[in-house]
Amino acid sequence: MMLQSPTRYLIFFQYIGTKYRGVMKIPLHQPVLGVQNYLEDAVRRLKPVNEATVFISSRTDTGVHALCNSAHVDIQRREGKDPFKEEELVHALNHHLRPEEIRVTRARRVGSHFSARYRAVCRTYVYRLATGVCHHTHAPLTESKLCWHLRNTELDVGAMREAGTLLLGTRDFSTFRSLSSDAPLKSPVKTLQTAQIQPGVSFASQHFSGNFQHWDLTFKSRSFLYRQVRRMAGALVAVGQGKLRLSDIQDLLEARDSLAFPTNLMAPPHGLFLTQVEYQESDLTEGWPLASGGD
């Protein structure tokens, strides 16, 4: 009897990035691995016939977190076994991920040519700030690695919001990306749909003494350049602190040079969360179920 074709799944997952070297797979001889390493190990423990590879939709750097990242994976089961049901797959993967700060939140069966990366129509990041922290050791433990604590800083939020509007639309964000090996291959032109600064909330602030104010910086685009969000967040905070003027933001955009970005202004990774990866419903249902193909 011929083996059944692999079944492709879109999975959504979350993680606290503190202990991982980003989301992408890292060679096993390295002391710190990526989230993808653990996801693929969980899939292998399901004993598929095929050598399953998890294709990540959205790359995050070392120390960055996600409430919603996504990936697709093909799973071919042994003869006589039906494809995993979606909830069954979520439960099985989480069973093997239990020691890690990684959780699969949902799974969806998709067509054989679906790509989690290239079919994504929008990604949303939130950068979390807390003002009024005289020293990071005074912050509650629940927030210490999940927020950028600014020491006794009063922010000019109005100026930050005005600066955010300068980033909106289709622009060349060369100055707002860090250099990487694949930078020459990627267009620096991106369309930023959202740049918002709003009051944030914290569970700890309701039960912890301290005069903290939380702020959420939200950025939404189809895709982002390497460390673009952290550079934009750092620049907006600098405006709020009076270190940069509105005209400086415009000058940075017009410079179109990664090296023009001021030294030490990039926001640290631990305040950044990937919060949503969106797809068109028609893309999720198109071609399902079909014989599976390659990525």
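Guide: Quick ground rules: residues are numbered from 1 along each chain as its sequence is written. In this predicted model, local features need pLDDT of at least 70, side-chain atom pairs count only at pLDDT 80 or more, totals for chains, interfaces and linings use all residues, and side-chain values use heavy atoms, with hydrogens and water left out.

Visitor: Why is Gln228 called buried?

Guide: Buried means under 20% relative accessible area, exposed over 50%, partly exposed in between (1.4 Å probe, protein chains only). Gln228 comes in at 1%, so buried it is.

Visitor: And why does Gln276 count as partly exposed?

Guide: Its relative accessibility is 37%, so Gln276 falls in the in-between class.

Visitor: What does Gln276 touch, leaving out residues up to four places away in sequence?

Guide: Cys68, Cys122, Arg123 and Thr124, where contact means heavy atoms within 4.5 Å. Thr124 is 152 residues from Gln276 along the chain, yet their C-alpha atoms are separated by 5.1 Å.

Visitor: Which polar atom pair involves the side chain of Gln228?

Guide: A polar atom of that side chain lies 2.8 Å from the backbone nitrogen of Leu225.

Visitor: Which residues does the UniProt domain annotation cover?

Guide: The unreviewed UniProt entry puts "domain: Pseudouridine synthase I TruA alpha/beta" on residues 13–118 and 166–280. Bear in mind that such annotations may be inferred rather than shown by experiment.

Key
Polar contact = N/O pair within 3.5 Å; in protein donor to acceptor, adjacent residues only side chain to side chain.
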